[in-house]
Amino acid sequence: MKTKIDGRYVVGYDEVSKEHIVYRNGEVVFEEDNVLFVGQGYDGDVDRVIDASRCLVSPGLIDMHALMDVGIHPPLLDLGKRSGMYRPKSWVIEEGEPPVFSPDEIRAGAEHTFLSMLRSGVTTFCGITAMVFKRFNDPIWEPEIYVET
């Protein structure tokens with residue numbers, strides 16, 4: 001299905017100038033996973049049109065430092081610095097102790113974080129860990145949960 005997105009502002013790459021530019025009242029046309037057109041004045045046929053005339057349309061963003069526990073941080077930042085607020089003692093583990101979070105808790109955190117990233121325009125990420133509360137002690141089964149999620 002060929003789809004056209006009409007955007008208030010569209011970020012695209014200009015092959016002539018070899019740089020990214022912003023098209024005011026621009027268009028993006030794609031079919032499956034192929035971008036066919038970025039710019040203004042597309043005159044070909046499309047199967048559907050998405051009205052994003054009040055939005056910025058841009059390529060997906062890349063998050064180079066995605067943390068699975070990022071959803072925990074905003075409430076803590078609002079509380080101000082107090083002893084034990086950032087790393088509850090029950091979450092800081094010593095070497096040889098069992099994992100802090102269960103697989104279900106890891107999955108729930110991953111779902112929250114992935115959805116938050118998507119809503120923010122992130123389509124690619126790396127650095128998946130929840131290091132803040134675990135001292136880099138990721139259970140061997142944890143990355144598989146992120147992949148499945």
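Start at the lining of the largest pocket: β1 (2–14), β2, β3 and β4 each supply at least two residues of it. This is a predicted model, where local features need pLDDT of at least 70, side-chain atom pairs count only at pLDDT 80 or more, and totals for chains, interfaces and linings use all residues. Residues are numbered from 1 along each chain as its sequence is written, and side-chain values use heavy atoms, with hydrogens and water left out.

**Stop 1: the pocket**

Select Ile5, Val28, Val57, Ser58 and Pro59. Among the 17 lining residues, these lie nearest the centre of the largest pocket. A pocket is an open set of points on a 1 Å grid over the protein atoms alone, where a 1.4 Å probe fits, with protein on both sides within 12 Å along at least five of seven lines; lining residues have an atom within 4 Å of a point. The volume is about 310 Å³, taken as the space filled by probe spheres set on the points. Now colour β1, the source of the largest share of the lining, 5 residues. By type, the lining has 12 nonpolar, 3 polar and 2 charged residues. Here Asp, Glu, Lys and Arg count as charged, Ala, Val, Leu, Ile, Met, Phe, Trp, Tyr, Cys and Pro as nonpolar, and the others, Gly among them, as polar.

**Stop 2: the sheet**

Show the strands (DSSP runs of E, at least two residues, numbered from the N terminus). Four of them form an open sheet in the order β3-β2-β1-β4, with mixed pairing. Edge strands β3 (34–39) and β4 (48–57) have a single partner each, so one side of each lacks a neighbour in the sheet. Pairing requires at least two DSSP bridges between two strands. Next, select residues 19–31. This is β2, which pairs with β3 in the antiparallel sense over 5 bridges. Find Glu27, then look across to Gly39 in β3, which stands opposite.

**Stop 3: Val35**

Stay on β3 and select Val35. Is Val35 buried or exposed? Its relative accessibility is 57%, so Val35 counts as exposed; the cut-offs are under 20% for buried, over 50% for exposed, and partly exposed in between, with a 1.4 Å probe and protein chains only. Beyond its neighbours within four places in sequence, Val35 is in contact with Val28, Val29 and Phe30. Contact means heavy atoms within 4.5 Å. Then draw a C-alpha distance from Val35 to Lys2: 9.7 Å, for residues 33 apart along the chain.

**Stop 4: the whole chain**

Zoom out. The protein chain has 149 residues, of which 23% count as buried.

Conventions: Helix = DSSP H or I, 4+ residues; strand = E, 2+ residues; numbered from the N terminus.
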